[in-house]
Structure formats: C-alpha cells, structure tokens
Amino acid sequence: MRSTRAAVSEPSRCLSGAVIGPLDRGRRQGSSPWSTAWPRRCRPTPPRWERSTRGHALIDRELYLPKSWTGDRERCRAARIPDQRTFATKGELARDMILRVLGSPLPIAWVTADSAYGQDSHFRRFLEDAELSYVVAVPKSQQVNGPRIDHLIAQAPHEAWQRLSAGPGAKGERFYDWAAARLPAVAEPDGAELARQRWMLARRSISKPNEIAYYLACAPLDATVAGRLRVAGCRWKIEECFHSAKNECGLDQYEVRRYLGWYRHITLVMLAHAFLAMMAVQERERGVSRPTHPTSWTSHQPKSVVCWQLNPAAILHAATTR
C-alpha cells in the first residue's frame with residue numbers, strides 16, 4: 001500500500017504527484033489503508049499567474065484501499081467504508097483527483113509525478129488526452145520507442161549536457177547536469193496542427209555523475225528546456241508540504257478507526273495548512289527576480305532515434321577552439 005500526493009507549482013500552474021509512505025499511526029504496519037493527498041502551490045488570483053517563489057498547500061486527498069480491504073466487505077463495513085467504494089489503483093485515484101482539479105477554477109496546465117505514475121503509459125496518455133503538459137519520472141528500465149531510456153541517455157553527446165537549475169532549494173539553486181532529447185510529436189485530435197512535443201530528459205548529479213534520474217515529458221512546442229526542468233523540480237515541494245503539514249498541523253497525529261474520521265482529520269489539516277501557507281505568502285517579500293538560462297540548440301545527428309538539445313555554450317567553445 002502506498003499513498004499519493006501532489007502540488008501545484010511553478011512554472012505556471014503545475015500539479016505534482018508522488019508516492020509516499022503510510023500516515024496511519026494507529027494500526028500495525030501493512031494492516032491499514034494508506035493515505036492520499038494532493039497539495040498545490042499558492043498563486044495570485046487569475047487571470048495572471050506569476051512565475052515567482054510562493055507557498056504550497058494541500059488541495060485534495062484520497063484514501064487508497066488495497067484489495068485485501070475492498071474484497072472483505074465485513075471489514076469495510078466495520079470501518080464504515082461505503083459499499084460502493086470498490087478497489088481503485090493509485091493511478092486511478094490520481095486521475096480522479098486531477099479531473100476534480102480540472103473541473104475547479106484552478107487553471108492547471110502542467111503535471112509532474114514520480115516513477116510510480118510516470119512509468120504508466122495509460123496515465124501519460126490520460127494527461128495528453130486532457131491536454132495537460134507533463135514531466136514525469138520513469139525508471140531506468142523504461143522503454144522509449146524500443147530501447148531502454150538509460151541506454152539512450154548513455155549515447156548522449158557531451159554537448160547535450162547542460163548545467164541548469166531545477167529551481168531554488170533550502171540551500172539555494174539546485175544545479176544538475178541535464179540532457180534533453182526530442183521524441184515524436186503528439187498527434188492532435190481531428191488532424192489539428194501539431195502543438196505538443198514529447199521529450200526524454202535526464203538529470204545527472206554534479207558530485208556523483210553515476211546518479212542519473214530519468215524523465216519523460218510532453219510540452220508545448222514553445223516550452224524551453226529550462227522550463228521543463230523547473231516543472232520536474234516542482235515535485236520536491238511535496239516533501240516540504242508534508243513536512244510542514246506534519247510539524248505545524250498534525251497531519252500524522254491521529255489514530256482513527258473509521259473511514260469518515262480519516263477524511264475529517266485530513267480535510268481539517270489541509271484547511272489549516274492552506275491558511276498558514278497563504279499567511280506566509282502575504283508576509284514574504286515580493287518581486288523575486290527571475291533567473292535566466294541559455295537557450296537550447298537542436299542537434300540532428302544521423303543514426304539516432306532521438307534529437308538531442310545541445311548546450312549553446314559548449315557549441316560556441318568548440319567552434320572557437322578549432
């Protein structure tokens with residue numbers, strides 16, 4: 001059993017999801033449902049959304065019930081779980097929450113998630129059908145048009161790697177070496193003009209080059225590499241969100257035995273956390289300067305199934321030293 005959470009983050013209007021551990025403190029390990037919640041980053045009122053550093057708070061939650069629970073109706077009735085509540089995968093719960101966000105006034109355009117969701121092709125197709133851009137983590141064994149993603153990344157030329165920030169962290173900007181390669185475009189319905197492009201991304205640690213994270217993305221044609229990287233970096237806000245909700249609002253301080261009791265506790269914690277987040281936004285200094293990043297150039301290498309984005313600084317250096 002696992003739980004799901006997400007955050008609406010920068011760049012503008014991004015919903016983020018990840019898998020976490022159990023929050024139930026009143027049951028022994030492995031016996032109870034685990035929790036699901038979706039945070040969001042606090043934003044100014046539409047119609048304009050600013051790419052500035054702001055707070056984040058929970059906006060939705062679902063309780064994941066494994067088959068060992070949904071298949072035991074007597075057990076479910078004892079916990080006051082409605083009879084109509086049947087088994088749903090974590091991906092299905094995530095889709096339900098995303099659909100609720102899309103049906104709300106929140107203007108969401110991006111989604112990011114960890115590999116538990118990113119490796120699910122049905123989840124990625126759902127996002128594309130909903131016309132949502134995404135950057136999702138995938139395991140190194142993920143197949144991309146046949147080959148594994150780690151094998152493709154291993155073929156990246158030196159010029160494909162760029163040192164860029166994935167956004168600010170507790171100790172300043174989080175710099176990594178990134179590589180990006182263009183994949184086939186997304187077919188638009190009714191033969192409309194192509195407007196979105198699929199991508200393959202890799203994030204390599206500067207201090208430990210053997211540590212590489214892999215991503216698949218779908219973005220508008222005019223989206224920059226730096227913008228996609230910041231979407232991937234938004235997922236770290238989930239950790240901050242749950243850390244502050246636990247420390248400041250008692251997210252994990254409960255011993256409920258009933259389905260409704262869990263929802264009541266989590267909902268009240270979400271409300272308290274959202275209030276504190278908005279107060280923090282109002283008190284935080286405004287007008288944070290926007291970092292700038294070099295634009296990317298495209299490489300058309302023969303005998304390659306992908307098209308690499310090259311670092312313009314590396315290209316310029318190579319051209320001037322020949």
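Buried means under 20% relative accessible area, exposed means over 50%, and partly exposed is in between (1.4 Å probe, protein chains only). You're looking at a predicted model, where local features need pLDDT of at least 70, side-chain atom pairs count only at pLDDT 80 or more, and totals for chains, interfaces and linings use all residues. Residues are numbered from 1 along each chain as its sequence is written, and side-chain values use heavy atoms, leaving out hydrogens and water.

**Exercise 1.** Find Asn 145 and decide: buried or exposed?

*Solution.* Start with its place: Asn 145 is in the loop between strand 6 and helix 6. (Helices, H or I with at least four residues, and strands, E with at least two, are DSSP runs numbered from the N terminus.) Next, the accessibility: Asn 145 counts as exposed because its relative accessibility is 59%. Finally, check the backbone: its phi is near 55°, a positive value in a residue other than glycine.

**Exercise 2.** Which way do the residues of strand 6 point, and which strands pair with strand 6?

*Solution.* First, the general idea: in a regular strand, side chains alternate between the two faces of the sheet. Here, Ser 133, Val 135 and Ala 137 point one way from strand 6, while Tyr 134, Val 136 and Val 138 point the other way. Six of the six residues of strand 6 are buried.

Now the neighbours. Two strands pair if DSSP finds at least two bridges between them. Strand 5 runs parallel to strand 6, with four bridges joining them; Thr 112 has Val 135 as its bridge partner. Strand 10 pairs with strand 6 in the antiparallel sense over five bridges, and there Val 136 partners Leu 216.

**Exercise 3.** How many residues does the largest nonpolar core have?

*Solution.* Begin with the term: a nonpolar core is a set of buried Ala, Val, Leu, Ile, Met, Phe, Trp, Tyr and Cys residues joined through side-chain atoms within 4.5 Å. The largest one has 31 residues, and Leu 216 is among those with the most contacts inside it, as are Ile 98 and Phe 123. Then see who contributes: the elements that each supply at least two residues include strand 5, strand 6 and strand 10. Last, look elsewhere: another core, apart from this one, has 21 residues, including Leu 63 and Met 270.
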